[in-house]
Amino acid sequence: MNDVVTAASFRRKKEDGEKIAVLTAYDYPSAALMDEAGVDAVLVGDSLGMVVMGRENTLSVTMDDMARHTAMVSRAVSRALVIADMPFLSYHVSAAEAVRNAGRLVGECGAHAVKLEGSTDRIGEALRAVLSAGIPVMGHVGLTPQSILHFGGFKVQGREPQDAARILAEARALEAAGCFAVVLECVPAPLAAEITSALTIPTIGIGAGGGCDGQVLVMHDILGWGRARFAKTYADVKTAMGGAFAAYVREVKGGEYPAAEHRYE
Ligand code: KIV
């Protein structure tokens with residue numbers, strides 16, 4: 001648990017049959033606690049847009065947003081792998097722009113790897129250019145939230161046989177291109193298990209069942225904010241925070257806070 005995690009050691013974990021635990025984080029204190037708790041990787045997800053910035057989807061998250069939060073997280077982490085999401089349009093316009101943006105997340109903000117959404121058919125050139133610059137890349141197939149307008153909502157992908165075959169082919173192509181791992185989001189559990197057996201790189205599932213090599217969840221989804229079927233509340237921090245805020249308001253208004261011990265004489 002104390003070894004520093006690298007993109008290369010991700011692959012060894014799969015070979016050794018060790019499950020990989022990944023959580024998203026967006027700030028220093030949460031990332032520090034996750035690192036201490038033994039997560040293998042902290043993902044600075046562009047879910048930032050929804051769970052921190054109050055947006056409806058991830059499409060408005062910018063490179064400046066990702067850079068700011070990646071720097072906060074990487075400052076807190078000394079052992080886990082820090083993976084930064086490349087936001088919408090930061091790797092779609094040209095391969096050169098993709099390298100510059102991925103390089104910023106690594107060089108300026110301290111990430112150890114980046115994550116790109118989509119198939120090699122759509123992002124292959126950018127993916128190869130980022131890898132050529134020596135930056136490890138995690139792939140992401142199935143439900144890719146940056147394509148939400150195309151999917152028409154957050155829906156399970158790969159239920160139809162032809163879609164399942166396409167997602168398997170996409171995962172294989174990401175492995176062949178050089179990704180060190182691939183996220184499988186919201187796909188049926190049997191398909192995720194099939195992809196996991198077909199690949200030598202680890203699969204990290206979210207809403208993809210227990211047959212993946214590892215799991216990733218959004219931090220807020222384990223702390224009481226989760227609504228998706230795959231979310232599990234490990235601690236109801238949401239209720240605890242709401243209670244603390246209400247108690248503070250009550251005590252200030254009732255004159256109980258500050259008490260004698262909170263005063264300077
Ligand atoms: O942005 C994010 O948090 C993600 C995970 C849900 C995989 O991409």
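Student: Which elements do the buried residues of α2 pack against?
Tutor: The model is predicted, and everything below is to be read with that in mind. The buried residues of α2 pack against β1 (20–24), β2, α4 and α10 (219–222).

Student: Which residues of α2 are buried, and which are exposed on the other side?
Tutor: S30, A31, M34 and D35 are the buried ones. They lie on the same side of α2, because the arc they cover around the axis is only 135°. On the other side of α2, the exposed residues are P29, L33, E36 and A37.

Student: What follows α2?
Tutor: G38 follows α2, and its phi is positive, near 100°.

Student: How many residues of α4 are buried?
Tutor: In α4, 10 of the 14 residues are buried, so the helix is mostly covered. The buried set is M63, D65, M66, A67, H69, T70, A71, V73, S74 and A76. Their cover includes α2 (28–37), β2 (41–44), α3 (48–51), β3 and α5.

Student: What span should α4 have, at 1.5 Å a residue?
Tutor: The expected span is a check on the helix geometry. The 14 residues of α4 should span 20 Å at 1.5 Å a residue, and the end C-alpha atoms are 20 Å apart, which agrees.

Student: How far does α5 reach from its first C-alpha to its last?
Tutor: Helix α5, residues 95–107, has 13 residues and reaches 18 Å, close to the 18 Å expected at 1.5 Å a residue.

Student: Which residues of α5 are buried, and what covers them?
Tutor: A95, A98, N101, A102 and L105 are buried in α5. Because they cover an arc of only 130° around the axis, they sit on the same side of α5. Their cover includes α4 (63–76), β3 (81–85), β4 (113–115) and α6 (120–132). The face of α5 turned away from this buried side carries R100 and G107, which are exposed.

Student: Now the helix pairs. At what angle do the axes of α4 and α5 cross?
Tutor: Read the angle together with the distance between the axes. For α4 and α5 the axes come within 9 Å and cross at roughly 20°. That angle is why α4 counts as roughly parallel to α5, the cut-off being under 35 degrees. The crossing of this pair is right-handed. M63, D64, M66, A67 and T70 of α4 make the contact with N101, R104 and L105 of α5.

Student: How far apart are the axes of α5 and α6, and at what angle do these helices pack?
Tutor: The axes of α5 and α6 are 8 Å apart, and the packing angle is about 45°. With that angle, α5 is oblique to α6. The crossing in which α5 passes α6 is right-handed. On the α5 side the residues that meet α6 are A95, A98, V99 and A102, and their partners in α6 are E125, A126, A129 and V130.

Student: Which residues of α6 meet α8?
Tutor: T120, L127 and L131 in α6 meet A173, L174 and A177 in α8. The axes of α6 and α8, the latter being residues 161–177, come within 10 Å and cross at roughly 20°. That angle makes α6 roughly parallel to α8. Here too the handedness can be read: α6 passes α8 in a right-handed crossing.

Student: Is E170 buried or exposed?
Tutor: A single residue is judged by its relative accessibility. E170 is found in helix α8. It counts as buried because its relative accessibility is 16%, and the cut-off is under 20%. Not counting residues up to four places away in sequence, E170 touches S119 and V141.

Student: What is the relative accessible area of A192?
Tutor: The relative accessible area of A192 is 0%, so A192 is buried. A192 lies in helix α9, residues 189–198. Leaving aside neighbours within four places in sequence, A192 is in contact with L184, V187, A208 and C212.

Student: How far apart are A192 and A181 in sequence and in space?
Tutor: A192 and A181 are 11 residues apart in sequence, and 13 Å apart in space, C-alpha to C-alpha.

Note on methods:
Residues are numbered from 1 along each chain as its sequence is written. This is a predicted model: local features need pLDDT of at least 70, side-chain atom pairs count only at pLDDT 80 or more; totals for chains, interfaces and linings use all residues. Side-chain values use heavy atoms; hydrogens and water are left out. Helices (H or I, at least four residues) and strands (E, at least two) are DSSP runs, numbered from the N terminus. Buried means under 20% relative accessible area, exposed over 50%, partly exposed in between (1.4 Å probe, protein chains only). Contact means heavy atoms within 4.5 Å. The expected span of a helix is 1.5 Å times one less than its number of residues. The arc is that of the directions from the helix axis to the C-beta atoms. Axes are lines fitted to C-alpha atoms, for helices over the stretch in contact, and angles run from 0 to 180 degrees between N-to-C directions. Angles under 35 degrees count as roughly parallel, over 145 as roughly antiparallel, 65 to 115 as roughly perpendicular and the rest as oblique. A crossing is left-handed if the near helix is turned anticlockwise from the far one by less than a right angle, and right-handed if clockwise.
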